Every structure is written in C-alpha cells, then in structure tokens.
Amino acid sequence: MDNLLLARNTSTMPKTYGNVAFTPSLDTVQQVDNAEREFRRASQRKGERWTLRTPTKRNIVARLERVGVEDASRLKQCCSAFRVLTCGQHTLRSYPTFRCKKLFCPDCAAERANRLSRQTEAKIAEAMQTNKGRLCLLTLTMKNAATLDGGLVRLKKSFANFKRKKVFKERIKGYFGAFEYTFNPKTNDFHIHLHLIVLRGKFWNQSDISDTWRDVTGDSFVVDIREIKDAGKGVKEVCKYPMKPVDLMAMPDDKFLEVVRMKKGTRMFISGGCFYNVKLDADADEADDNIFSQFADLTEGDACPFCKAELFDVFVDRKTHIGLHELNAMPNVVRSNSS
Ligand SMILES: [Zn+2]
Ligand SMILES: [Zn+2]
C-alpha cells in the first residue's frame, strides 16, 4: 500500500488514504497486471507482518497463562480465525472473527496503529487546508518512572501545564500526540514519552522548548523538535504502538502484570488546537484486514476486480490466513455453503 500511495503522491501535501486515494481503473490488461502485481506485493508484506507477530503473541499468551491472568483465553482466541472474502484466486478482505482489543495484544496494537494513522493523516490534511504553519514532530521525555501508571499521570499533568504556557499558545496552532513507553530491564523502570505532531506558527527552537519543559516538569528537559517533510511518515511515527509488545517479555512479573492490568480506558492519545478533531473514532469491531481500502465496499456476490469471478466468504484459521496473504491465492479453497 505504501509504495502505491507514494508513487501517486509527489506533492508535499499530506497524503490521504481511504477510498479517494486510489481507484484502480482496470480498463486494459496492462493496468490489471500492474494493479494486481502491486496488490500481491502489499498482500505479501501483510503476510510477513502476521508471521512476525505470531511467536510474540504465543509467548504473551503463555506468560498470561503462567501468571494466571484471566484474559489469557481472550488473547488466545483473538485473531485465531478469519472470515475471508475471496474469488478463489485473490484474497480481497479478511476479518478476524474475534478481537480482544487489548493494548498489549500484538495483533490489536498493529491494527489500531494502522487505523489510527490512516484517520489521523486524513484529518491533519483537512485541518491544514485552513491553517498555515510548519508541521513538526515534537518529542517530550520524562525521567524514568518506577510505575507505568504513576509515570503516565505525571507526564499528562506536565503536558497540561506545558500547553497552558504563553509561549506554547503563541507558537503551536494544533497538536496531536501519543504516549509511548519502553521498559528498561537493567534499571527495572519505564521510560515514558510523548510524541506529538504539531502545527508550528512562529519558530520555536529546541533549547527554548527544553527550558519550558524543565520549568513544568522540574527535572526533565530532553526534548526534540524537527520539521516533517512527509506528513504520512510523521503520522506513522506518532501512531506506532504505545509499546512494543515484545518488550512485555523483558519485564519481571510485577511489571508485566502492571501493564496487562492497565485500565481499559487509559487514554493514550491527545489532541488540541486546530487538530482537536484528530482522534480515533471507529471501533475495532469492524476493523478490516483488507489490503487496499478501496475494496472496503466489496461483498459476497460482487465480481473480483482482478479476474471478475464471483466473490464469496470462507472461514480460515490463522495459519491458513497467513498463507493466503503470502501467496495471495487460494487454490485449495472451494466455495462452500458455510455462512
Ligand atoms: Zn487482540
Ligand atoms: Zn480474482
């Protein structure tokens, strides 16, 4: 998907995803070939990511079971089966039959990050049509925290004070941000930071930002600000997982439990100013694993855009699902009457 969009977006304006971005016109054989080749490549990349996440997920489930966390079975069930829309040759869409929606689930975290960056990018592009300024990536960091919850509360409080500063209001027209945390096994504590996409009006240099940040935190001053040339890349940077699920495995039991028991409604994203409306608005229930969003409206009985054969739904397990993405072909799947 990335290559496809990049190739079609030579301007510096933020790219837009969704149905408007690319509609393959399949008029000639050549175009069908190119679209299909691109589709197969995107599909393959998707399969690779599913393959990579599989052992991490297995390890997390095993650990949840070992420490006796009640959610182990939900996590195990999550993304273990899929409903797939196919013509028998092309896998156009796939939905997991169940999602656990846990922040620390590698599958759900990846889905959430993808959906968030698609939505965010479109909304930022929209806000920038009426607001002028430079798009920057601003990172604010805090001294390491012994507990995740305590560290998050402190960072949120600090940012609340930061944005009330006159200098912030003068220079930042809009912001969208996400909290990220990493775990340091040597010091047994969390490093929590805030990545923000900001629309900067007047120039604001790093050392001034650092002084202001120290002012509100009392002890933390490590900040970074840089202009973003490619809005899409910047958004992806901000929207990536709040935590690498693989980090979970490096934690001792007490920290591990702290993370997996983190309150469900814990807010990991903030927005304000002209980016106020930039937030995640769709629930993961209908989250799709389709490869190109222009296939979002296709359903059973429609014609496959590549080969014109009739599309139908099948249910497959995770292993088969990964295989389908890798090959993007279902030679062994025949239409059944299962619903
Ligand atoms: Zn999940
Ligand atoms: Zn087809």
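Trainee: How are the donor residues of the zinc ion (ligand 1) spaced in sequence?

Mentor: The spacing is C-x21-C-x4-C-x2-C. Keep in mind that this is a predicted model. The protein donors are the SG atoms of C78, C100, C105 and C108, lying 2.3 to 2.4 Å from the zinc ion (ligand 1).

Trainee: Where do C78 and C105 sit?

Mentor: C78 is in the loop between α3 (72–77) and β1 (81–86). C105 is in the loop between β2 (91–96) and α4 (106–127), so the pair, 27 residues apart, links distant parts of the chain.

Trainee: Buried or exposed, C78 and C105?

Mentor: Both C78 and C105 are buried.

Trainee: And what are the angles among the four donor atoms of ligand 1?

Mentor: They run from 103 to 115 degrees, and the site is tetrahedral.

Trainee: Now the zinc ion (ligand 2). Which residues are its protein donors?

Mentor: C87 (SG), H90 (ND1), C304 (SG) and C307 (SG), at 2.1 to 2.3 Å from the ion. Along the chain the donors of ligand 2 follow C-x2-H-x213-C-x2-C.

Trainee: Why is the arrangement around ligand 2 called tetrahedral?

Mentor: Because the four donor atoms subtend angles of 100 to 122 degrees. As for burial, C87 has a relative accessible area of 11% and is buried. H90 also counts as buried, at 3% relative accessibility.

Trainee: Changing topic: how many residues are in the largest nonpolar core?

Mentor: It has 73 residues, and L140 and F162 are those with the most contacts inside it. Setting aside neighbours within four places in sequence, F162 is in contact with L138, L140, F168, W204, I209, T212, W213 and V216. Another core, of 10 residues, lies apart from the largest one; F39, C87, L92 and L298 are among its members.

Trainee: What about strand β7, how many of its residues are buried?

Mentor: Four of the five residues of β7 (residues 269–273) are buried, so the strand is largely enclosed by the rest of the structure. Strand β4 (residues 172–184) pairs with β7 in the antiparallel sense over five bridges. G174 stands opposite G273 in β7.

Trainee: Salt bridges next. How many does a search of the whole structure find?

Mentor: The search finds 17. One of them joins E36 and R40, with the closest N and O atoms 3.0 Å apart. E36 and R40 are four residues apart in helix α2 (residues 29–66), so about one helical turn separates them. E36 counts as buried at 18% relative accessibility, while R40 is partly exposed at 29%.

Trainee: Which residue does R63 meet in a salt bridge?

Mentor: R63 meets D253, at 2.8 Å from N to O. R63 lies in helix α2 and D253 in helix α9 (residues 253–260), so the pair ties together parts 190 residues apart in sequence. R63 is buried at 7% relative accessible area, and D253 is partly exposed at 32%.

Trainee: And K165, what does it pair with?

Mentor: K165 forms a salt bridge with D215, the closest N and O atoms being 3.1 Å apart. K165 lies in the loop between α5 (148–164) and α6 (166–171), and D215 in helix α7 (residues 206–217), so the pair ties together parts 50 residues apart in sequence. K165 counts as partly exposed at 28%, whereas D215 is exposed at 55%.

Trainee: Which residues are linked in a network of salt bridges?

Mentor: R53, K57, D107 and R318.

Methods. Residues are numbered from 1 along each chain as its sequence is written. Chains are lettered from A and ligands numbered from 1 in the order in which they are written. This is a predicted model: local features need pLDDT of at least 70, side-chain atom pairs count only at pLDDT 80 or more; totals for chains, interfaces and linings use all residues. Side-chain values use heavy atoms; hydrogens and water are left out. Donors are N, O and S atoms within 2.8 Å of the metal (3.2 Å for Na, K and Ca); water is not among the atoms, so sites may look incomplete. Four donors count as tetrahedral if all angles lie between 85 and 135 degrees; four count as square planar and six as octahedral if opposite donors are over 155 degrees apart and all others between 65 and 115; anything else is irregular. Helices (H or I, at least four residues) and strands (E, at least two) are DSSP runs, numbered from the N terminus. Buried means under 20% relative accessible area, exposed over 50%, partly exposed in between (1.4 Å probe, protein chains only). A nonpolar core is a set of buried Ala, Val, Leu, Ile, Met, Phe, Trp, Tyr and Cys residues joined through side-chain atoms within 4.5 Å. Contact means heavy atoms within 4.5 Å. Two strands pair if DSSP finds at least two bridges between them. A salt bridge is a side-chain nitrogen of Lys or Arg within 4 Å of a carboxyl oxygen of Asp or Glu.
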